[in-house]
Amino acid sequence: MKTAIISGASRGIGKEIALSLSKEGYRVIVNFLNSQESAISLCEQINSQGGHAVAFKADMANPRQIKEMVDFTVKNFSTVDLLVANAGIGYSALLTDHSDEIIKKIIDINLVGVITLCKEAAKVMLSQKSGNIITISSMWGQVGGSCESVYSAAKGGVISFTKAIAKEFSLSGIRVNCISPGFIDTDMNNNISLSDKLSLVDEIPLARAGLARDVADAAVWLASDKSSYVTGQIIAVNGGLII
Ligand code: NAP
């Protein structure tokens, strides 16, 4: 059985990715920080359906806890076959209204956390001479979002980091790709008013908000051998909002 670590899998996109990967036969490490109940109930759901899921609490802004999660996985399951670096936080404000603390927090979780998690998983994958990494960016990382400047900077960093390590690891049997979601209906967008959501959907060529499942479907493809000739790519899942 292949083993996948999914950061931020207690809710939203990460949860859907964990569910989908477990249906594809992956054992999943369901990382969470605050939503313990939700992570445990997801694992119970997967295990009751014949899959194998284990919840692991670790703060993706804390390098020591990231390393502990990867070490736990190797100690218990021997390999890390797939990493989905998904955990992230959103933040909307004028740049001038970002405190120094929030700037650091956004970068620490959304960029440094992704880099550190990929680094720790890559150490294992390089020794295995095989592996697959999927990072989760955002359309704002591609084109920049007004009032989401620091978030955009972090997500843009994830895109160039993905391309760089795809080159670095290509001869070691490790593929690295990035999914760049558009507007996906999860808790992350709970602060957007209904009327703003409707006007946003008006701008989406495919005329609907994305679902976590849309992103999970792309992750399943990237995790499978059907994408075996694909590395270093940014797969946009945005209904055509950014073309
Ligand atoms: P969400 O519903 O708010 O869920 C966020 C997940 O990340 C939760 O499981 C949360 O865990 C986890 N998380 C946050 N900070 C963490 C930390 N420091 N350590 C460990 N886990 C942490 O968000 P989502 O919409 O699913 O977003 C998932 C990813 O997609 C993010 O990287 C986001 O930037 C990206 N994305 C989302 C959208 C969208 O429209 N929703 C669009 C583009 C990109 P706990 O609850 O357990 O703390």
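## Basis of the model

In this predicted model, local features need pLDDT of at least 70 and side-chain atom pairs count only at pLDDT 80 or more, while totals for chains, interfaces and linings use all residues. Residues are numbered from 1 along each chain as its sequence is written, and side-chain values use heavy atoms, with hydrogens and water left out.

## Surroundings of the ligand

The ligand is surrounded by 32 residues (each with a heavy atom within 4 Å of it), and the closest are S10, S35, N86, Y151 and T186. By class, this shell comprises 15 nonpolar, 13 polar and four charged residues, with Gly counted among the polar ones and Tyr among the nonpolar. Helix 1 (12-23), strand 2 (27-32) and helix 6 (149-169) each contribute at least two residues to the shell, where helices (H or I, at least four residues) and strands (E, at least two) are DSSP runs numbered from the N terminus.

A backbone N or O atom of L33 is 2.9 Å from a ligand oxygen.

## Salt bridges

Seven salt bridges are found in the whole structure (a side-chain nitrogen of Lys or Arg within 4 Å of a carboxyl oxygen of Asp or Glu). One of them joins E68 and R64 at 2.9 Å, N to O; both residues lie in helix 3 (residues 63-77), four residues apart.

Conventions: Polar contact = N/O pair within 3.5 Å; in protein donor to acceptor, adjacent residues only side chain to side chain.
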